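Keep the view open as you read.

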Amino acid sequence: MLNLKTTPFHERTSALCQPQNWRKWAGYFAAGSYEHTLDREYWAIRNAAALIDVSPLMKYVITGKDAAALLHRVTTRDVYKMKTGQVAYTGWCDEDGKMIDDGTITRLDDSTFRLTAAEPNLRWLTMNAVGMDAAIQEVTDDVAALSFQGPNTRKILNLVAEESLDGLKYFRMMKNKIRGADVTISRTGYTGDLGYEIWMDAKDALKIWDALMSVGADYGIAPVGILAMDMARVEAGLFMLDVDYTSATHAWVESQKSSPFELGLDWTVALDKPGYFVGRRALEKEKREGSAWKMVGLAVDWVGMEKIFKRVGLPPQIPSMAVRGSLPILSGNPLSGGNVQVGYASTSTWSPLLKTYIALAHLQKPYYEIGTDVRMEITVEHHRQHAPAKVVKLPFYDPEWKRK
Amino acid sequence: MLKVKKPSTCNLQPVTYNQKRKTMTSNQYDAIIIGGGHNGLVAAAYLARAGKKVVVLERRPIIGGAAVTEEIFPGYKFTEFSYVVSLLRPEIIRDLELPKHGLKILPLPSTFTPMENGDYLAAWDDHDVTRREIYRHSPKDAEAYDEYARVMARAAKAIKPLINLIPPDPSSLSLRDMLGLLKVGQYAASLSEKELYRIAKLATQSSADLLEEWFETDALKGTKAASGIIGTFLGPRSPGTAYVLLHHYMGEIDGAFRAWGFAKNGSGGVSGAILNSAQALGVEIRVEASVKQVKIKGGRAVGVVLENGDEIDSKVVMSAADPKRTFLQFVEQKYLPDDFVTSIQNFRTRGSSGKVNIALSKLPNFSALPYQGNGADSVLHRGAVSISPSIDYIERAYDDAKYGQISKRPYIDMIFPSMIDPDMAPPGQHVMSCFVQYAPYDLESGWNDERRNDLGEAVISTIEEYAPNIRECIVGMQVISPKDIERIAGITGGNIFHGELLLHQIFFLRPVPQWADFRTPLKGYYFGASGAHPGGGVMGAPGMLAAKEMLKDGF
């Protein structure tokens with residue numbers, strides 16, 4: 001029978017995945033976690049080194065004289081400014097300025113780029129490349145990828161890779177070798193910690209996994225699944241397609257779509273860049289007029305939660321992993337009748353590091369201003385309750401070593 | 001002013017916003033805190049948060065008291081005295097924003113008890129896996145285990161409200177005490193009959209009696225009983241130990257907030273975070289500032305005199321030292337009522353435990369569940385290893401101590417900090433922390449280097465029975481007797497709780513009746529350390545509650 005695909009690391013990951021809690025990720029099996037509880041994996045990200053198989057990421061290589069022009073046209077970044085070795089995080093939009101997908105662009109050389117995406121984008125890229133000298137090739141199966149995240153990752157990589165990583169800056173890429181195999185290593189990730197992503201030929205995948213695991217053993221390395229990464233990415237204020245926003249190409253109704261501004265991606269929208277790009281006019285208009293929505297961080301007030309739970313004689317109960325599900329956000333005083341819904345949280349999680357219940361929330365103007373008091377719906381003994389929460393700046397967690 | 005040396009190797013710089021305010025060194029403060037242990041720092045931070053000008057005076061060159069991490073052998077960090085976080089109050093973590101100031105509490109997921117017959121009993125972090133493990137030994141215990149955990153957690157939950165209560169004096173007619181008693185009364189009335197009986201029983205029972213009601217597996221009973229004797233000079237068959245056992249359950253009832261584990265950088269990481277928070281709030285820290293005496297004028301504490309003769313003035317003084325130092329050393333006895341002095345003299349502070357901290361070239365391999373390779377992925381080493389094969393084993397260890405001897409075969413609670421936080425030792429090397437009981441403070445022959453070696457040898461030869469390669473792993477070893485705890489951390493008697501958690505020494509009886517509200521017979525002199533309510537265990541509650549009472553009194 002046809003089944004999901006396995007990644008080039010499956011031989012290793014399947015032997016290690018104790019709970020056998022495989023998740024579907026873009027048509028591949030992805031380990032949910034390697035242990036029955038997430039504690040150790042989460043803390044590997046925050047205190048040691050986490051090895052995460054991210055091979056299911058969609059990957060495209062774009063080559064040709066007009067490769068830069070194509071990406072400049074499709075995405076919101078000023079791709080002409082990118083130097084070889086530079087990596088840029090970006091979203092891309094439809095003509096109405098609504099997000100289709102997001103990922104990273106890496107300039108591998110003058111006329112070669114790698115683009116990652118959550119969903120298939122070959123058709124969209126091809127449609128935009130009409131008349132251009134740009135060949136688009138999907139390499140998802142050929143290029144295996146490891147996300148290597150945590151404060152000890154540089155120490156380990158320096159022992160494993162032929163060239164030192166010390167000079168590699170945040171959002172830069174280098175070519176390197178591990179156990180004789182060619183790799184590219186970018187200083188990127190999805191956790192908001194010090195971290196790298198290692199891109200390699202699928203045939204070298206196991207060799208490189210083994211090298212990292214054996215050398216990393218003395219530095220607290222742990223294989224980490226997507227459940228623990230989900231907690232870390234919320235702390236880092238990073239959203240996920242289909243969880244925190246809906247692609248404009250998938251949306252059934254207009255209100256399901258989001259613009260990059262609404263997702264807090266202002267810094268990635270280069271309205272000052274030369275020439276046309278998809279969605280430009282709509283984005284310029286939104287920039288002028290202001291956004292109706294914005295994704296912000298919410299910190300739920302623990303004392304307020306305690307009070308609510310105390311009424312039923314319980315300490316606060318919070319799921320032990322990130323919850324991908326919508327929770328209504330209210331504002332106003334329930335007693336004076338001004339109790340209105342002003343948005344929703346799309347992912348919420350307990351932060352073991354910050355000791356705070358946090359959420360990524362989408363709030364309407366003007367409730368998205370930092371410091372605004374709102375209330376988030378929680379279920380307490382089968383009853384709907386509303387826990388006090390505050391709008392805070394993203395990211396929730398931003399260690400100095402992330403960029404250092 | 002001396003430069004503050006953070007608990008050694010405190011590489012945990014606060015993530016952001018530690019904007020240290022400039023503090024001018026002067027000799028006039030709102031409050032002086034004697035002792036830079038975690039309670040002193042917590043109190044100082046709370047007072048500074050309320051706008052007070054505070055200085056913390058620490059006798060040692062490093063901050064942290066009994067919550068310190070020191071590099072005794074280069075590259076190997078020892079969490080010297082206290083070694084786990086379990087009871088640190090969530091409100092302190094929140095109020096002082098400790099996560100922002102570097103506190104990371106890492107998981108300590110399991111307890112592994114090697115047995116005398118070569119098998120083992122383990123509690124892993126997954127509930128079902130643990131149930132299957134206990135089932136292997138006794139299907140009956142596997143079931144009882146669940147119910148026992150629930151009953152204990154409920155009992156702990158039932159008495160938890162008392163932790164943050166200022167103990168009222170039942171003999172007093174003051175409004176404050178009457179209101180306090182009313183609260184206790186209301187609280188008692190809120191308990192179900194069953195809960196009340198359960199608590200009454202727990203308060204008076206021995207942990208052995210309690211556990212024998214539930215379980216039949218010796219290793220399970222032994223391991224559970226162990227937490228009932230920690231820090232007391234009692235055995236598992238002594239009445240009252242069931243309460244201590246319950247005290248340790250207290251950390252498990254804060255829901256998701258539950259802060260149980262091993263702090264990044266050891267216990268020094270806990271005091272480091274509190275220190276960072278306190279400094280950010282403007283608290284001044286002076287190290288190598290040993291207090292000789294509290295200055296008294298007109299029946300009020302008005303400052304302190306240091307050993308070096310320096311005088312520092314303040315409106316109030318709080319001691320975070322143990323009760324005996326606080327009242328018998330820092331204050332001339334003529335300023336205190338006779339019966340108060342007598343009560344303090346009678347306060348039981350018998351040290352019963354020691355620490356053996358070991359630097360390892362490799363991990364000891366337990367024959368009951370040997371590791372392959374270098375053990376880097378050995379699951380048991382990520383958690384605690386408990387040498388507690390049975391209640392009789394621990395009671396026998398107590399028998400030795402009763403008559404002034406080091407236990408020939410002691411109870412040992414081991415952890416391998418480098419397996420939890422790889423930064424604790426050089427790559428591929430390890431550190432090991434062994435809490436050992438019993439090592440009586442009043443050793444028949446007195447403590448000296450030879451006796452200290454005996455204690456180390458008792459620990460190593462005990463571990464050797466379960467992990468035969470232990471000796472070849474050792475690179476360096478630090479043995480800490482109760483005398484050393486007294487000498488280094490300054491705790492009289494070397495009792496880890498500054499005074500045993502005995503029924504006659506808790507709540508409104510801690511440290512002495514009528515003075516359990518953090519005030520003392522000397523005006524302007526306060527007491528907020530583990531010897532005060534609600535007791536020890538790196539809880540921070542005494543420091544916090546004392547600071548709040550000081551602020552209530554105004555100064």
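The model is predicted, with local features needing pLDDT of at least 70 and side-chain atom pairs counted only at pLDDT 80 or more, while totals for chains, interfaces and linings use all residues. Residues are numbered from 1 along each chain as its sequence is written, and chains are lettered from A and ligands numbered from 1 in the order in which they are written.

Helix α18(B) itself covers residues 541-553. Helices here are DSSP runs of H or I with at least four residues, strands are runs of E with at least two, and both are numbered from the N terminus. The 13 residues of α18(B) reach 18 Å from first C-alpha to last, close to the 18 Å expected at 1.5 Å a residue (the expected span is 1.5 Å times one less than the number of residues). Among its buried residues are Met544(B), Leu545(B), Ala547(B) and Met550(B); buried means that 20 or more other C-beta atoms, placed from the backbone, lie within 10 Å of the residue's own. What covers the buried residues of α18(B) includes α1, α2, β12 and β18 of chain B, where a contact means C-beta atoms, placed from the backbone, within 7 Å.

Now turn to the sheet. Seven strands of chain B form an open, mixed sheet in the order β7-β6-β14-β15-β16-β13-β17, where strands pair if DSSP finds at least two bridges between them. β7(B) and β17(B) stand at the edges with a single partner strand each, so one side of each has no neighbour in the sheet. On average, neighbouring strands are turned by 20° against each other, direction ignored. Inside the sheet, β15(B) and β16(B) run antiparallel and are joined by 5 bridges, with Ile412(B) partnered by Val436(B). Helix α15(B), residues 449-464, packs on this sheet, touching β13, β14, β15, β16 and β17 of chain B, and its direction makes about 125° with that of β17(B). Such axes are lines fitted to C-alpha atoms, for helices over the stretch in contact, and angles run from 0 to 180 degrees between N-to-C directions.

Stepping back, chain B is divided into domain 1, domain 2 and domain 3, with bounds from an automatic or database domain assignment. The C-alpha centres of domains 1 and 2 of chain B lie 33 Å apart, and 4 residues of domain 1 are in contact with 5 of domain 2.

Finally, the contact between the chains takes 25 residues from chain A and 24 from chain B.

Conventions. Contact = placed C-beta atoms within 7 Å. Buried ≥ 20, exposed ≤ 12 C-beta atoms within 10 Å, placed from the backbone.
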